[in-house]
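Student: Can we go through the charged pairs in this one? I have it open now.
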Amino acid sequence: MEQKKVITYTAGHASVRKQLLLFWIFFIIGSFTIGGGYAMILMMKRYLVEQYHWLKDDEFYDMLAISQVTPGPIAINMATFVGYTQGGVLGSVLATLGVSIPAVAVIIVIAVFFPGFKNNVWVQRFFAGVIVGIVAQIATIVLDMGKRQKWTIVSVIVCAGSLGILFFVHQVSPIWLILGGGLVGLAVEGFKPHKATQATAKKAS
Amino acid sequence: MTSFLALFGVFFKIGMFTFGGGQAMIPLLQKDLVANLAWISMKEFLDFVAVSEITPGPVAINMATFVGYKLRGLAGALVTSLGVILPSFIIILVIATVAHTFRTNRWVSAFLDGLQPVVLALLTYTVYSIARGGIPAWWGYIAALGILLLILKYGKKFNLFLVLLAAGGLGLLIFR
């Protein structure tokens with residue numbers, strides 16, 4: 001059971017077909033992500049965990065957490081990470097390009113041909129509708145994560161505390177919350193006898 | 001005329017030092033592009049942000065493409081987009097090469113476990129802020145709840161892209 005927690009990958013051993021598939025999957029995800037990188041998390045999970053079984057649940061959420069602690073757009077971080085673990089350096093380049101190309105292309109098309117794009121009332125209505133769908137999809141991920149989370153007194157306090165800070169203290173950079181959460185994790189580990197830790201880790205997986 | 005090197009440099013720097021995703025870049029971009037460098041006006045900046053938020057792809061890349069294109073055309077757009085992507089790419093590549101040891105180290109594992117509830121809180125807040133900023137009427141919230149229930153009930157059978165397209169179609173009908 002411990003095995004499950006380890007991020008394993010086949011970097012460098014991926015077939016050409018898999019690498020093209022990586023490009024394609026991230027291209028599709030990049031083409032449909034409106035409202036920033038968070039919106040694509042559910043789609044990524046569908047493809048990577050549920051459809052292709054390249055990643056396990058735990059690995060996916062680990063990568064998501066790491067993508068939040070590192071600088072840059074979450075979408076790019078996830079694409080590079082998944083691309084590398086599934087297809088080596090070439091895989092990471094392809095996945096990153098895949099997720100980026102739609103964003104670049106659509107803006108160039110708009111800048112060249114449709115400068116009045118955002119003022120069109122139909123465009124506005126359509127995208128307001130899309131946002132409704134995006135909200136539902138991110139909420140799905142929230143519920144999924146909440147179900148998987150090992151709820152202890154500490155994790156409840158950390159989660160509720162972070163929410164409180166996000167809602168009531170404006171202008172706080174997420175990085176401080178994330179680092180704070182990590183430090184709490186370290187502190188909990190530090191106060192635990194080693195054997196107990198292994199038992200919890202086993203139970204978790 | 002703005003040099004390619006300057007374009008690349010500004011976006012590389014922003015990509016390098018912005019934590020918390022592309023949305024967190026917007027205030028930094030404004031400070032650099034509008035206030036410090038005066039490459040674009042405040043009105044242009046706000047227009048770019050508005051379009052970036054309703055077009056596919058990470059907002060940061062949309063913004064970079066916009067500014068690059070405005071200042072130096074197609075080549076400029078590629079230079080700025082590459083600039084904003086590269087820091088993430090390089091940093092993650094370095095991390096990914098050692099990632100297989102992540103969960104074998106007790107402390108790293110504890111650190112990651114500590115992050116998860118915060119990530120959960122951030123996502124919850126994101127749902128709230130996107131809904132508040134982007135859903136124009138109360139029946140939009142009802143529709144979102146309906147879609148959520150459908151995904152939960154029939155989840156694996158749904159094509160998520162079609163869900164978004166259908167939601168867009170619904171938007172054409174119900175939002176005024």
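Student: Which residue does A:Asp57 form a salt bridge with?
Tutor: In this predicted model, A:Asp57 pairs with A:Arg148, and the closest N and O atoms are 3.4 Å apart.

Student: Where in the chain do A:Asp57 and A:Arg148 sit?
Tutor: A:Asp57 is in helix H3 (residues 57-69) of chain A, while A:Arg148 is in helix H5 (residues 121-148) of chain A. The two are 91 residues apart, so the pair links distant parts of the chain.

Student: How exposed are A:Asp57 and A:Arg148?
Tutor: A:Asp57 is partly exposed at 26% relative accessible area, and A:Arg148 is partly exposed at 29%.

Student: Now chain B. What does B:Lys43 pair with?
Tutor: B:Lys43 forms a salt bridge with B:Asp47, at 3.2 Å between the closest N and O atoms. They lie 4 residues apart in helix H3 (residues 42-54) of chain B, which means about one helical turn separates them.

Student: Is B:Lys43 buried or exposed?
Tutor: Exposed, with a relative accessible area of 60%. B:Asp47 is partly exposed, at 27%.

Student: And which residue meets B:Lys70?
Tutor: B:Glu44, in a salt bridge with an N to O distance of 3.4 Å. B:Lys70 is in helix H4 (residues 59-97) of chain B and B:Glu44 is in helix H3 of chain B, 26 residues apart.

Student: How many salt bridges are there over all chains?
Tutor: The count comes to 11.

Conventions: Residues are numbered from 1 along each chain as its sequence is written. Chains are lettered from A and ligands numbered from 1 in the order in which they are written. This is a predicted model: local features need pLDDT of at least 70, side-chain atom pairs count only at pLDDT 80 or more; totals for chains, interfaces and linings use all residues. Side-chain values use heavy atoms; hydrogens and water are left out. A salt bridge is a side-chain nitrogen of Lys or Arg within 4 Å of a carboxyl oxygen of Asp or Glu. Buried means under 20% relative accessible area, exposed over 50%, partly exposed in between (1.4 Å probe, protein chains only).
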